[in-house]
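Please look over the sequence and the structure first, and then read on.

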Amino acid sequence: MSISAQDTGAVGGTPEARHRILDAGAEAFMRRGFAGATLDDIADLVGATKGLIYYHFRSKFDVFLAVYEEGMRRVRDRVEPHAAGGGSGRERLAAMSRAHLLNLMTDLAYHHVVHQGVRAQDSAELKIRQRDALSALNELRRDYERMFRRVVAEGMGDGSLRRVDGSLAARTLLSNLNAVDMWYRKIEGQPAEEVAELADDVVDLLIGGLAAAPGVRGAQQAEGA
């Protein structure tokens, strides 16, 4: 594969070009899935030839792995400070969940790629090297889940969260947070405040629950009598 002078010039060999490829790869994999997306699709989204892609990556699968890893890095960087912050376990868990959602809504395509990677790990269509590479990246996701489990346990310890199976609680919470990517779609020009309010509402439902506070129903009935 020949690489054009335009692709390998001042822009082609820079970290900026690599980031553009990752963004384009995430978008292509979200739209078409790993099997359906091609290097031509990615190059078209970048606005370059395939030569630029090959300058940075050996194959489409290597682009996919890099997108997955970048997606996990971004969400971890945004969430981890809240895990180590101040406040009760419940307060920190809510802040982590909000940061997770804001990252999802900002980097929606990256989240889709991570989910594809999780589901594809045991695919018979992958070569052994590819399955091993995905397994290593999925350990990043498992470590991310352990961070949530730790804060859940701390919340149960300080009394801000009720005592439940911590592993089940963390997995249920993360599954519901991640499910937002099934229905959320970016709206061009949508104010950041609206996105933040949506994240707050989702976190309130997931951590606060739907059940009314004790005595609320009786008080409402009394008011209507």
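## Leu-102 and its surroundings

Leaving aside residues up to four places away in sequence, Leu-102 touches Arg-78, Val-195, Ala-196 and Ala-199, where a contact means heavy atoms within 4.5 Å. Leu-102 is found in helix H5, residues 89–106, and helices here are DSSP runs (H or I, at least four residues; strands are E, at least two), numbered from the N terminus. With a relative accessibility of 13%, Leu-102 counts as buried, a word that stands for under 20% relative accessible area, while exposed stands for over 50% and partly exposed for what lies in between (1.4 Å probe, protein chains only). Between Leu-102 and Ala-199 there are 97 residues in sequence, yet their C-alpha atoms are 6.6 Å apart in space.

## The model and the chain as a whole

The structure is a predicted model, in which local features need pLDDT of at least 70 and side-chain atom pairs count only at pLDDT 80 or more, whereas totals for chains, interfaces and linings use all residues. Residues are numbered from 1 along each chain as its sequence is written, and side-chain values use heavy atoms, with hydrogens and water left out.

The average pLDDT of the chain is 87, and 87% of the residues score at least 70; pLDDT is the predictor's confidence in each residue, from 0 to 100. Over residues 1–11 pLDDT stays under 50, and for this stretch the model has 16 contacts beyond four places in sequence.

The secondary structure comes to ten helices and zero strands. Of the 225 residues of the chain, 40% count as buried. Among contacts between residues at least 6 apart in sequence, 69% join residues at least 24 apart.

A straight helix of 22 residues would span 32 Å at 1.5 Å a residue, but H1 spans only 27 Å between its end C-alpha atoms; the expected span is 1.5 Å times one less than the number of residues. Helix H4 bends by about 30° at Asp-77, and a proline, Pro-81, follows within four residues.

Arg-18 touches His-56, Phe-57 and Ala-66, not counting residues up to four places away in sequence, and Arg-18 and His-56, which are 38 residues apart in sequence, lie 6.7 Å apart from C-alpha to C-alpha.

## Aromatic rings

Rings of Phe, Tyr and Trp (its six-membered ring) pair if their centres lie within 6.5 Å, with planes under 30 degrees apart counted as stacked, over 60 as edge-to-face and the rest as tilted. By this rule the count comes to six aromatic pairs. Two of them are set out here.

| Pair | Centre to centre | Angle between planes | Type |
|---|---|---|---|
| Phe-34 and Phe-64 | 5.2 Å | 70° | edge-to-face |
| Phe-61 and Phe-64 | 6.4 Å | 20° | stacked |

Phe-61 and Phe-64 are three residues apart in H4 and so are separated by about one helical turn. At 3% relative accessibility Phe-64 counts as buried, and Phe-61 is buried at 4%, whereas Phe-34, at 23%, counts as partly exposed. Phe-29, Phe-34, Phe-61 and Phe-64 form one aromatic cluster.

The charged end of Lys-60 sits over the ring of Phe-34, 4.3 Å from its centre, which requires NZ of Lys or CZ of Arg to be within 6 Å of the ring centre and within 35 degrees of the ring normal. Arg-74 lies over the face of Tyr-110, at 4.3 Å from the ring centre.

Terms used. Bend = angle between axes of the 7 residues up to and from the residue.
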